[in-house]
Amino acid sequence: MSKLGMFKKVLSFVLCSALSLTVLAGYTVHNGRDTDVSAKTIAEIQEEKAANEAKIAEYQQQLDELAGSKSDEEAYQQTLTNQIALIQDNIAILNTELDTINNDIETATANIEQLDQDIADNQDQIDQKIDMFKQRLCSMYVSNDNSIASVVLGDSSFYDIMSRVEMANRMAAYDDELINEILSDIDALNKSKDDLNTEKLALEMQLDEQAAKKAEKDEELQELNEKMQLTQDEINRIAREQDLINSNKQELENANAQLDAAQADIEAEIARKAAEAQAAYEAEQRRLADEAAAAAAAAAAQQAQQQEEDSSTDNTDDTTGDSTPDYVVPAPSASGFSWPAPGCCYISSGYGYRWGSLHRGIDIGDAGIHGRSAVAAKSGTVIAVSNSCQHDYPKSSSCCGNGYGNYVIISHDGTYSTLYGHLASACVSVGDYVQQGQTIGYIGCTGFSTGDHLHFEVRVNGVAQDPLAYVSP
């Protein structure tokens, strides 16, 4: 087995170099208080993603609330718009009425001006009639014909008398008719002018009343427009805040996408390196098996003579620390994992929260467990080993390995990994490919441990799960 041991050392060196920036970045060692020992792990990536998702949900809630506020403002704005439309309709009606009244006033003013012109034109006729009447009076005065008696007495014949009387009556009647006509014309013109002035005054009063109503509507319209502007300002503010929150939300979503890509890269690199290590190990195993078969055939003739010597000689060529186990390897469960502490079944502490923090695994702590074998729960590649803690005794404070003391981490196909903590010592190295049930260390009390026990974890993509879902005593 010396050649196999040398090969494992070389393979260990290669894996340590190749996986230092990828595999170990995807795995972290935690004590019961979530203390990290690596810069960036898959678990940390997922925790960061979860925090981002929570913040995204918070942003979405804020967006929903803003959308509700914006909807309220828009509904209020629609109400204002409806009111403004009604007021504008009323103002349009008032403007139509004002135009009608102005037209009526202009018509009345034109009628008054025309009537004034008619009065001026008729005044000449009246003046002519008055002059005629004055001339008639003058004629009567000059002829001293101021009575019927003078007319009668001035004539010699009855016919002349009757003629003069008839003429006098006619002249008197004509004079009365002329005077009445003059007075009637003056009264009619004055009455028409008074009526038009009254109508114009009424129209002007109606115009003032309608103008006051229009001014009132204009003021109400201005107030509504001011409210509309305030509402629009609030809608614009909400829109700006929505844009900012959407931008922050998009940044978090982009960050999560980058985290997903980083996690996928780590997992792909873990799987690739594990597959390479497995392939190299299997190739070396086949080569060694071929050499062993050839050596066995060549030494077959001497086997009988060396049997006694071989049985009394200790085998010291195995440099991996492997030895024939003094225990029965537990059978794998349905998940493909087997119990990591053969012969020890008592679970002193289960997976879950305790003392205010998450206990990421189970503690197996039977009496007399110290020094018993801790075995690989499943075949895989050793990716982390801590074997420097010398404090193998109970203690109530953190000690070595961030609380785990001496520990071993094994990767199984790049998705699953297992951790074995508080070992008295580990007997494997980084890069070793171990078989299911192979001893990887010895149970002790190193690190933060108040008694001898094995702390066992199962991780899926770097996230701790309840081990009892995969193994059973």
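# Reading a predicted model through its strands

The structure is a predicted model, and the mean pLDDT of its chain is 77, with 75% of the residues reaching 70 or more. Over residues 6-39 the pLDDT is below 50, and in the model this stretch has 87 contacts beyond near neighbours in sequence. Residues 313-324 also stay under 50 in pLDDT, and the model gives them twelve contacts beyond four places in sequence.

Me: Why is His412 called buried?
Reply: The relative accessibility of His412 is 1%, and buried means under 20%, so His412 counts as buried. This residue is found in strand 7, which covers residues 406-412, and among the residues that His412 touches are Phe337, Lys378, Ser379 and Thr418.

Me: What makes the approach of the His412 side chain to the backbone oxygen of Ser379 a polar contact?
Reply: The side chain of His412 reaches that oxygen of Ser379 at 2.9 Å, and the cut-off for such a pair is within 3.5 Å.

Me: How do you know that strand 7 and strand 8 pair?
Reply: Pairing needs at least two bridges, and six bridges join strand 7 to strand 8, with the strands running antiparallel. Within this arrangement Val408 stands opposite Tyr420 in strand 8, while the two strands form a hairpin with three residues between them, where Asp413 in the turn has a positive phi of about 60°.

Me: What makes strand 8 largely enclosed?
Reply: Eight of the eleven residues of strand 8 are buried, and therefore this strand is largely enclosed by the rest of the structure. Strand 8 also pairs with strand 11 (residues 454-460) in the antiparallel sense over six bridges, with Glu457 as the bridge partner of Leu419 and His455 as that of Gly421. With strand 10 (residues 439-443), strand 8 pairs in the antiparallel sense over three bridges, and there Ala426 stands opposite Gly441.

Me: Why is Val428 called buried?
Reply: Val428 has a relative accessibility of 7%, which is set against the limit of under 20%, so Val428 counts as buried. Its place is in the loop between strand 8 (416-426) and strand 9 (433-434), and the residues that Val428 touches include Val382, Val385, Val408 and Ile440. Val428 and Ile440 are twelve residues apart along the chain, with their C-alpha atoms separated by 5.6 Å.

Me: How do you know that Cys400 is in no disulfide?
Reply: A search of the whole structure finds zero disulfides. For Cys400, the nearest cysteine sulfur is that of Cys389, at 3.1 Å, whereas a disulfide requires sulfur atoms within 2.5 Å.

Me: What makes strand 11 largely enclosed?
Reply: Seven of the seven residues of strand 11 are buried, so strand 11 is largely enclosed by the rest of the structure. Both faces are covered, with Leu454, Phe456, Val458 and Val460 buried on one side and His455, Glu457 and Arg459 buried on the other.

Me: How do you know that strand 11 and strand 12 pair?
Reply: Three bridges join strand 11 to strand 12 (residues 463-465), and the two run antiparallel, while pairing needs at least two bridges. Arg459 stands opposite Ala464 in strand 12.

Methods:
Residues numbered from 1 in each chain as written. Predicted model: local features only at pLDDT ≥ 70, side-chain atom pairs only at ≥ 80, totals over all residues. Heavy atoms only, no water. Helix = DSSP H or I, 4+ residues; strand = E, 2+ residues; numbered from the N terminus. Buried < 20%, exposed > 50% of the residue type's maximum accessible area, 1.4 Å probe, protein only. Polar contact = N/O pair within 3.5 Å; in protein donor to acceptor, adjacent residues only side chain to side chain. Contact = heavy atoms within 4.5 Å. pLDDT = per-residue confidence, 0-100.
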